[in-house]
Structures are given as structure tokens and as C-alpha cells.
Amino acid sequence: MIEKAPAKINLGLDVLYKRPDGYHELEMVMSSVDLADHLFFEELPEDKIVVETNKAFLPVDQRNNVYQAVALLKNKYQINKGVKIFVKKNIPVAAGLGGGSTDCAAALRGINRLWNLGCTLEELAEIGLEVGTDVPYCVYGHTAYIGGKGEIVQVLPAMPPCWVVLVKPRMSVSTRTVFREIDVEKIQHQDIKGLAEALRQQDYQEMLKKMGNSLEDVTGKRHPIIHQIKERMIRYGADAALMSGSGPTVFALCQHYSRAQRVYNGLKGFCDEVYLVRTL
């Protein structure tokens, strides 16, 4: 059995304030793109969880999000069966594309099917929140407004069809570190509700105007290459360019394939990891 785990991009991200529980109150709009990991499920006769992956540097024990997701479901529903999950990674790691979260979400959906647990997406999202704040969105996928620390997910109409060029610079970024450096008074806040409304109206130009990421300046100060990639994308004809999540991946949107191809070719020599994909 196979489950697809698509990457996500942040069309909008705003940090409102720090909550008493230590998390930040967020407002975001996320959308899934056609760059995906794939999870392969196989039942085992023994009662154990085995996670394997094609990336040698990734942990496959209790530190792995997929392992944690399966363990939560096994405990909650007292499942005595075992499972082996092979995670074929295509999404760059620690890149702001939700790779670990989407794998966790795919594991929840896959195990739900494999063992006929009958969980709704709402129930899986609630369980997923215990592993990570992006997991509830990844359980649903598509395009959605996200609030709270990540637990509020309102599915929106799909973003107007376009091409997406993803560029991942060589370094990785720790989300925790970025959030530690945020000064909520000083960051540039975004009109996330306006962005969600533009998507409801299917207004591509208005969507472009409302796109923004409050974390971009924080990560960009540390890694100026993010601003350099954005500038190049616009120079090569992108309709818009923005950092995804806490970075360092930057994405460009283009309505026309020829323009997207030009952006892709223009960045290919500048960074090693460049992808040209569709929105989902």
C-alpha cells in the first residue's frame, strides 16, 4: 500500500503573539505542490514498528515523525500488529516545505486505511498535532487557512493553477531557532484573511498582492542568499517570489510554463536543488 506525502508552500504566514503555552499564535495560508515523498506500508507478523528510508542521515527510531505517528495510533487503538514503512524522500529536509510533517500525516492516513481504524480526517489531525504543528494541515492537504498554533484548519478553494519553481539553498534552517529570534512588535505583519479571500474569489493578481511571510526578514538576516534568490526569480520573470515557512526554500509562482522554465533555468546554476512543479 502506498500513500503520497506532498510538500507544502506558505502563500502567507504571520506571527501574531506568543501564547502562554510557549507556542506562537499563527495565521497562515498553505498550499500543496506536486513534489512528494512516498510511503510504502507492509504488515509484519510481529508487534513492532520498522521505519526505513532512502536517506541515510535520517533517524528511523522514536525521533522519526512517521514512527511517532504509528506509535500514537497503536497505543490509542490498542493495535497488536506490526508494520514496516519505507519512506522514499524527495522533499528536501529542514527546508520549510513540511517534509517531516507531511510524512507524519501520510503515515496517519496510511495506517488508518491499513488497519481499518475508521478515523475521520479531523481525528487524524488532532492526533497529528501531538507530533508537530504543521501535521494537521498536512493531513488535509489542498489549500487551507491555518490558525492557532496549527490546529485550526479551514480548507479553501484550490489556488488558481500555476507553475511553482522551488529553490532550496545548501544550508538547512531550524524552525525553533527562527521562532526564538522573532520580535512580534518589529516584524512586518501580513493580511492573511485578505489572502484567503482572494483565493475564495479565485483572483490570481489579488492573491499575489496579499502574499507575504513575516519570518522572511528573520531568516533572511541570517542567510542573505534568500533575498538574492528572490531577486533573481523576479528578474527572470516570476509573478511572485516568497520564502516558504521558516525557510530557507524560496518559491516562485508563474502562470505560464515558458516563464517558469526561464526562472528554473536561471536558478539551476545558482543552487543545486531546483524543482519545477505544479500546484495540486
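Which residues line the second largest pocket? Select Glu181, Ile182, Asp183, Lys186, Ile187, Gln188, Asp217, Val218 and Lys221. A pocket here is an open set of points on a 1 Å grid over the protein atoms alone, where a 1.4 Å probe fits, with protein on both sides within 12 Å along at least five of seven lines; lining residues have an atom within 4 Å of a point. About 160 Å³ of space lies there, the volume being the space filled by probe spheres set on the points.

This is a predicted model: local features need pLDDT of at least 70, side-chain atom pairs pLDDT 80 or more, while totals for chains, interfaces and linings use all residues. Numbering runs from 1 along each chain as its sequence is written, and side-chain values use heavy atoms, without hydrogens or water.

Next, the largest pocket. It holds about 1,500 Å³. Select Asn65, Ser101, Gly132, Thr175 and Arg176, which lie nearest its centre among 49 lining residues. Now colour 2–155 and 163–278, domains 1 and 2. Both give residues to the lining, so the largest pocket lies between them; the bounds come from an automatic or database domain assignment.

Move to the rings of phenylalanine 40 and phenylalanine 86. Their centres are 6.3 Å apart and their planes at 50 degrees, so the pair is tilted (centres within 6.5 Å; under 30 degrees is stacked, over 60 edge-to-face, the rest tilted).

Last, two charges over rings (NZ of Lys or CZ of Arg within 6 Å of the ring centre and within 35 degrees of the ring normal). Lysine 149 sits over tyrosine 23, 4.3 Å from the ring centre. Arginine 232 lies over phenylalanine 270, at 3.9 Å.

Key. Rings of Phe, Tyr and Trp (its six-membered ring) pair if their centres lie within 6.5 Å; planes under 30 degrees apart count as stacked, over 60 as edge-to-face and the rest as tilted.
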